[in-house]
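Trainee: Could we go through this structure together, one question at a time?

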Amino acid sequence: MDGELEGQVRELLRRSEGLEWGPTRVMLAEEAVRLADRHGDAKLGYEARQVLIQAAVFSDLDERAVGPFTWCLAAQDRDPKRFPDGHTLLWQYKWIIGSADEWPQIPLERLHAMIDDMEARHRQAGFSARSAYRYRLGLAGLMHDAALGRTLFPKWRSAPRDAMADCPACERNVEVRYWNLLGDDGRLLEAAAPILGGALRCTVVPRITYAEVLLPLVRLGRLDEAMAYHEKGHRLSARNTRWVEDAARHIRFLTLTDHPVRAVHMLESHFPFPHDPIAADRYPHFEFALAARFLFERLGAAGRETIKLRLHPSFPAHQEAGRYDVALLESWFEAEARRLGGLFDARHGNDGFRRWIDANLALKELVRPFPLKPARSDRSST
Amino acid sequence: VDYPFKIHLRGIIDLLSHHLYSGPQVFLRELLQNGVDAIRARQQLEPGHAGEIAVEVIEPRGRGRPALAFVDDGIGLTDEEIHRFLSTIGESSKRGDGAGAGAAWERPVDFLGQFGIGLLSCFIVCDEIVVLTRSARRPEAPTIEWRGRPDGTYSVKTLDQSIAPGTQVYLTCKTGHEEFFTPEHVRESAARYGGLLPCPVRVAAGGDTRTVNEEGAPWRRRFESERERTEGLLEYGRNLFGIDFFDAVPLRSESCRLDGVAFVLPFAPSPAARQSHRVYLKDMLVSENAEGLLPDWAFFVRCVVNTEALRPTASRDAFVDDEALGDAREALGEQLRAYLLGLSSGDPRRLRRLIALHSLTIKALALHDDEFYRLFVDWLDFETSHGTMTLGEYRRRNDVVRFVPDLDRFRQIARVALAQGVCVINAAYTYDAELLARLPSVIEGARIELVEPSVLAQGFEDPTLDERDEAFELVRLADEVLAPYQCAVELKKFFPEGLPALYSTDPDAGLYRSLDEAKEVSNPLWSSVLEHLAGPSAGPHARLFLNYLNPMIRRMARVRDPALLRRTVEMLYIQSLLLGHQPLNTRELTLLNEGLIGLIEWGLAAQGGGHD
């Protein structure tokens with residue numbers, strides 16, 4: 001192995017790992033992969049790709065993880081001695097499946113085949129089917145298929161926990177989503193309690209949980225609690241503008257409690273539409289479009305006709321001057337949500353997304369202004 | 001029938017010492033906390049009472065064990081209080097009568113003590129705790145002796161002799177814990193935990209008595225001038241952290257009942273490094289690596305802070321992430337912001353140095369704050385095709401801010417841009433692209449442009465009709481040759497003349513390349529997944545601009561041998577990929593190999609070689 005090359009590749013990876021999750025971190029890892037590939041060093045390329053896969057997934061740039069993952073898997077199948085795994089790929093397989101089901105263009109039958117393949121590989125390495133069931137359950141949730149969820153949930157829970165299982169905090173959040181699928185807000189909040197109370201946490205929990213309990217709490221009329229979790233979650237989710245799903249939920253909540261300025265601010269900061277088609281046709285974008293539609297509907301209902309927004313020039317409805325027609329935005333986002341929802345419904349052969357869109361159209365009934373935490377006026381300095 | 005639980009005290013102590021507390025040394029913190037709480041309680045009763053804590057290390061004689069005496073002249077305990085506070089686990093003298101745990105922290109702060117478990121933490125290092133105490137509430141209060149043992153039993157008796165009001169605690173070291181009873185350790189721990197306490201803490205050992213907190217909080221001292229204060233604080237920072245800090249910023253918030261000092265780091269910390277601050281609660285050290293106290297963007301400072309209002313976690317070495325912490329975070333962030341703004345008007349040279357050190361932080365802050373952005377953005381350094389310069393310099397020389405948000409594309413573009421006299425910013429680094437994108441909305445009249453090779457190509461001159469005819473065959477064939485690589489070909493004229501071709505990709509071309517590359521090696525399941533993901537082919541993702549100013553391209557246009565022309569085009573394509581630092585996929589590598597061999601053979605043939 002070329003020592004200097006190896007040093008350069010490792011330096012790039014080290015720099016990448018020193019950064020926060022985001023495009024730059026991914027880019028540096030990609031640069032390392034390219035460098036290794038240019039010199040035909042497959043072993044180094046394999047290592048760099050494993051760093052890249054993690055960087056891409058944790059930066060919510062999943063589309064950039066799929067290619068490298070497939071490459072590594074193929075390399076390992078071809079020559080397991082040369083590319084030892086140490087279970088990294090088996091673990092990363094879970095991330096990839098968690099991403100894959102959010103692309104509507106990947107057919108259901110392919111998703112099942114992928115989960116089966118992962119289960120077979122896990123079993124071969126001596127692990128249980130718990131992860132496979134966890135992702136089958138996740139897929140049932142995405143399909144809005146409560147009946148399927150009911151049959152999968154006990155299978156997931158009874159499969160033994162082992163080193164391939166998610167951490168307790170993540171698994172708890174799987175439960176939270178299960179009760180959401182079943183439409184039981186009370187059970188959902190019971191399941192979320194140890195997360196909200198601070199007993200369970202990891203790299204994604206409680207950030208995602210804070211966002212996911214907002215609507216259930218609003219439905220139950222527990223606005224003061226919802227506001228407290230919004231404040232905490234908002235601070236966490238604001239750290240990374242790729243956390244589009246969180247942003248969608250916070251925007252929806254801010255609209256429900258009548259805080260359009262803060263909602264608009266988050267819409268601008270987390271706006272996900274300028275990306276290429278693979279990245280933009282995903283489930284988080286569907287949720288974001290739906291939340292944005294709701295926000296502009298309320299702005300329009302409040303008598304607002306135009307609004308100034310800073311959106312990326314590659315947004316299809318971009319306006320050079322930054323002034324947008326509120327009604328046009330509402331209809332653009334509704335059309336976008338219906339387009340994406342239609343892709344998912346077509347894949348799932350049901351009308352789950354259409355029903356969820358309809359439920360969102362009725363959200364205006366739940367709007368109840370509720371104050372943000374009072375702003376501090378402590379600007380005195382020494 | 002209801003039975004009470006039986007509690008195995010030793011087991012609980014073990015549990016606490018290993019899992020709750022950060023280590024055995026916390027017993028001294030707990031003792032100091034109790035002492036200072038008792039003194040505060042007595043001061044409420046007798047406003048003039050000064051209070052004092054005396055610790056004595058009793059070094060062993062012969063085969064004896066080392067021991068520790070801990071004496072305060074605080075409020076002391078009555079008989080009834082002893083049973084309630086010293087001997088009931090989970091109870092603490094600060095809890096209001098009958099108040100549940102939820103109300104525990106709502107009472108103001110005079111009785112912070114956690115007598116309940118606090119004192120029992122001494123069982124980590126000793127087998128018996130002896131307490132002599134006399135309440136200051138009544139002059140005739142008796143002196144009481146309490147002896148607690150880790151098996152969960154304790155005895156109480158009234159003594160005949162009388163001690164001064166207050167509490168004395170005696171500990172005899174348990175085997176294996178001698179290191180916590182050395183004079184050095186006790187002095188150091190007392191100074192560490194209690195260095196800011198308002199009442200003197202004296203540690204005596206072997207006839208040598210020293211006050212460990214003589215200096216008090218340095219930011220509360222009076223200084224002759226601003227300058228002296230800064231120097232005094234920097235000196236304190238140096239002694240505490242061993243770092244020569246860049247600056248020291250006093251912190252103070254009345255509403256959060258908080259004061260202290262923020263030290264500006266003289267180096268850029270890794271953004272992934274955890275914030276760690278030294279935090280005192282009511283002048284007692286709670287944590288030496290508290291997190292969440294400052295906003296995320298403030299990773300360029302290290303703070304020493306005393307707070308009166310935050311709520312510690314059960315282990316008392318961190319704070320609960322509640323509203324009070326949020327308020328404190330906001331107030332501290334506000335003060336750091338004010339400091340930076342103050343520098344920009346008062347000491348711009350210092351500001352430049354600070355920006356050079358902490359540009360990442362400043363960029364992060366500017367992203368979320370328009371006022372800040374306006375003040376600082378022109379001071380920030382950016383890498384451009386003409387070298388590194390501040391945005392201010394760049395804007396003085398250019399009307400439009402042109403930038404490329406990704407490294408590969410910047411490399412492709414820089415050379416061409418340079419030749420055309422266009423200065424382009426490399427905005428591939430953290431926050432740069434986002435920062436520049438905000439420019440027009442924050443600064444009136446500023447204009448930005450995202451530069452792509454295709455944008456530069458718009459400025460390329462078209463060939464004349466005659467030139468087009470001359471090169472017709474070359475372009476037609478090149479287009480055909482490169483179609484399988486999703487690359488279209490165009491003829492242009494551009495500088496530098498020495499560059500025969502420029503390879504330009506769409507923003508998502510890298511992604512499609514990575515999917516293609518994986519498809520080449522994967523099994524049927526995965527290649528079909530990748531196929532679905534990439535979707536139907538959306539036409540070429542890349543473009544090869546042939547430069548008709550380049551002499552070689554002009555010569556190529558005159559070649560009439562299709563096989564040679566094909567080879568040459570292929571090599572040109574590979575070369576421009578390499579210039580753009582693009583990795584080659586398998587097909588392109590094959591192309592390179594075949595092409596090189598072909599060219600060698602062709603060269604040999606032209607030399608009239610080939611006869612054996």
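Here are some questions and answers about the model.

Trainee: How many helices and strands does chain B have?
Mentor: Glad you started there, and do keep in mind that this is a predicted model. Chain B holds 612 residues, of which 52% are buried. Its elements come to 22 helices and 21 strands.

Trainee: Which strands stand at the edges of the open sheet of eight strands in chain B?
Mentor: Let's follow the order, E5-E4-E3-E6-E2-E1-E7-E8, in which the pairing is mixed. From one strand to the next, the twist averages 15 degrees. An edge strand has a single partner strand, so one of its sides lacks a neighbour in the sheet. In chain B that applies to E5 (154–159) and E8 (208–211).

Trainee: What is the bridge partner of B:Ile129 in E6(B)?
Mentor: Strand E3 (residues 126–134) of chain B runs antiparallel to strand E6 (residues 166–173) of chain B, and seven bridges join them. Within E6(B), the partner of B:Ile129 is B:Leu171.

Trainee: At what angle does helix H5 of chain B run to E7(B)?
Mentor: Picture helix H5 (residues 183–194) of chain B lying across E1, E2, E7 and E8 of chain B. Relative to E7(B), helix H5 of chain B runs at about 175 degrees.

Trainee: Is A:Arg14 buried or exposed?
Mentor: A:Arg14 belongs to helix H1 (residues 3–17) of chain A. Exposed means over 50% relative accessible area. Because A:Arg14 has 52% relative accessibility, this residue counts as exposed.

Note on methods:
Residues are numbered from 1 along each chain as its sequence is written. Chains are lettered from A and ligands numbered from 1 in the order in which they are written. This is a predicted model: local features need pLDDT of at least 70, side-chain atom pairs count only at pLDDT 80 or more; totals for chains, interfaces and linings use all residues. Side-chain values use heavy atoms; hydrogens and water are left out. Helices (H or I, at least four residues) and strands (E, at least two) are DSSP runs, numbered from the N terminus. Buried means under 20% relative accessible area, exposed over 50%, partly exposed in between (1.4 Å probe, protein chains only). Two strands pair if DSSP finds at least two bridges between them. Axes are lines fitted to C-alpha atoms, for helices over the stretch in contact, and angles run from 0 to 180 degrees between N-to-C directions. Contact means heavy atoms within 4.5 Å.
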